[in-house]
Amino acid sequence: MNQLLDDKQFLPEEKDDRRRKVFESGKEILTTTDKVIKSYIRVSRDSREIVRIPAYRIQHNNIAGFYKGGIRFNENVSEEEVENLAVLMTLKNALHELPYGGAKGGVVINPKEFSDRELNLVSKKYVQRFAPDIGPTHDIPAPDMGTNERVMDWMIGEYKTIHPGQNYLGAFTGKSIGNGGALGRREATGKGTFHSYFWLIHEWARRQKETEEKLGTGVHLKQFNKLKKIFEKSDRGEPIQVAVQGFGNVGGVAAQMAHRCKELKHHVVAVSDHLGTLYNKNGLNIEKLISYHERHEQLPHTKKELEKEEIDAELLHRDDIITLEMDVFILAAIEDQINEANMKDVKADIFVEGANAPITSAADEYLHEQGKVVIPDILANAGGVMVSYLEWKQDRITQLYSQEEVLDEMYGQMSRSCEKVFAEYFYKELSGIRNTCYLSALKHLFLLLYKHGKLF
Ligand code: NAD
């Protein structure tokens, strides 16, 4: 936040001591969480045993709009984790200028160990406990790790029961189609993740060709040259080599986008899931892999399956994907995948964080120093929350947006966010793309706090 204080073009009317006070009070507000609610959900298990499960809803800040953030069902959920994720939501929504603040929820269970009846009870009890603090114009939850559209459907059902006669549909997003959900929501994060990379190479870097002398000689120029190398490779008719870790909602869709991309030529040389990696240096048949995944909910992992499906691929260990030869690595599985132990062995020049925090901060710093480019999670994987906003909007006007309208809006917003971040980062030579994102988000929040007369 000190960077904002030192940026004399930001709030130039505030000077000297008064300026310091204004920034200190902004810092104090944004480092204080508005509300932490902890409760216990009592549920009777199928065995008739009664269990008390800790549950949270944490509302960090709502200066930019109604609180918004997912609900996570995971056995490792803790108050600290939920609070950190709520702060991240405030920043993510601010970066993309969505009219939302940040919140997060969590329930300490392993959903795989709960039957459908038990999960339904947990979902309904969560809403009963937190109902006074949730609502379409107050705090709007969505799915997160361990929850999905079925859980959101149950939760909206309970919310409606508790609030008869009220406008209820906008109280949760990520619902199923037919229950107020948005067309294209499932694919939105994967499509947005690919778009952030595609836009950087194809739109932004191409446009900057003539002005690269402005970039000096340091890491920014090194990174720009890596971007240039990639689109020039495609222009020569050579495929850009892409690998995708994780083949779920985010990774599967991102791999398909790369495979189908017409403007840049890609070969998806490797994909992986929790069981292993598939590799073909001449490019995998992604359409066949998608079709297999739709039927089996995992990638093929035996020679026999590959032969049967007529898929030409080498079977490698799950983590081998991290250090294979490639130009672009889309990380769409879990956190901490590139870390101090393997950061020196990675070969890609561009890393795209479809998952949350797949690169540790030490590795992030190292890759940056090497002149590699990391498109951070806060920027790359916001397609989901952007479409959640449209879902909330369509629920308010009781009209269903077409899938085309949804994706057009998401791509438009993603391009605007990327334009803002990359121009700031490269031309002001800021210290990292992630930091540039945080700075841009904080600027937006500070300005709102200032305009609302909260900073004295
Ligand atoms: P998903 O459950 O659909 O898919 C996860 C994939 O990762 C699966 O293919 C799984 O097999 C694979 N995987 C798990 N552990 C792995 C490992 N160690 N190595 C390789 N692959 C592994 O989940 P998703 O919705 O695609 O989400 C992926 C990531 O993106 C998560 O971290 C999630 O929090 C994040 N994210 C998702 C969304 C969204 O809208 N879906 C939005 C923002 C962030």
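Modeller: A residue is called buried when its relative accessible area is under 20%, exposed when that area is over 50%, and partly exposed in between, with a 1.4 Å probe and protein chains only. Accessible areas come from the Shrake-Rupley method with a 1.4 Å probe, and for residues only the protein chains shown count as cover. The model is predicted, so that local features need pLDDT of at least 70 and side-chain atom pairs count only at pLDDT 80 or more, whereas totals for chains, interfaces and linings use all residues. Residues are numbered from 1 along each chain as its sequence is written, and side-chain values use heavy atoms, without hydrogens or water.

The charged pairs come first. A salt bridge is a side-chain nitrogen of Lys or Arg within 4 Å of a carboxyl oxygen of Asp or Glu. By this criterion the structure holds 27 salt bridges. Side chains of opposite charge can pair when their charged atoms come close.

One of these bridges joins E97 and K420, with 3.1 Å from N to O. The partners come from distant parts of the chain, 323 residues apart: E97 is in the loop between α3 and β4 (102-107), and K420 is in helix α14 (residues 403-427). Here helices (H or I, at least four residues) and strands (E, at least two) are DSSP runs, numbered from the N terminus. E97 counts as partly exposed because its relative accessibility is 48%; K420, at 26%, is partly exposed as well.

A second bridge is formed by D144 and K104, whose closest N and O atoms are 3.0 Å apart. D144 lies in the loop between β5 (139-143) and α5 (149-162) and K104 in strand β4, so this bridge ties together parts that are 40 residues apart in sequence. D144 counts as buried because its relative accessibility is 16%, and K104 is buried at 5%. Both residues belong to a network of salt bridges that links R72, E81, K104 and D144.

A further bridge pairs R236 with E238, again with 3.0 Å between the closest N and O atoms. R236 is exposed, with a relative accessible area of 55%, while E238 is partly exposed at 34%.

Helix α3 (residues 79-95) has 17 residues, and at 1.5 Å a residue it should span 24 Å, which agrees with the 24 Å between its end C-alpha atoms. The expected span is 1.5 Å times one less than the number of residues. Among the buried residues of α3 are V82, L85, A86 and M89. Just after α3, E97 takes a positive phi of about 50°.

Most residues other than glycine have a negative phi. R48, although not a glycine, has a positive phi of about 80°. R48 is found in the loop between β1 (35-44) and β2 (50-61), and it is exposed because its relative accessible area is 75%. E310 likewise has a positive phi, near 55°. E310 lies in the loop between α10 (303-309) and β9 (314-316) and, at 61% relative accessibility, counts as exposed.

Polar contacts complete the setting. A polar contact is a pair of N or O atoms within 3.5 Å; within protein, one must be able to donate a hydrogen and the other to accept it, and residues adjacent in sequence count only if both atoms are side-chain atoms. The side chain of Q394 reaches the backbone oxygen of G181 at 2.9 Å. Q394 lies in helix α13 (residues 383-397) and counts as buried because its relative accessibility is 2%.

Charged residues also take part in the shell around the ligand, where 6 residues are nonpolar, 10 polar and 3 charged. Ala, Val, Leu, Ile, Met, Phe, Trp, Tyr, Cys and Pro count as nonpolar, Asp, Glu, Lys and Arg as charged, and the others, Gly among them, as polar. In total 19 residues surround the ligand, and the closest are T189, F247, N249, V250 and H274; a residue is near a molecule or strand if one of its heavy atoms lies within 4 Å of it. Helices α6 (185-207) and α8 (249-260) and strand β7 (266-273) each supply at least two residues of this shell. A polar backbone atom of F247 is 3.0 Å from an oxygen atom of the ligand. A backbone N or O atom of D273 lies 3.5 Å from a nitrogen atom of the ligand. The protein covers 75% of the 830 Å² of accessible area that the ligand has on its own.
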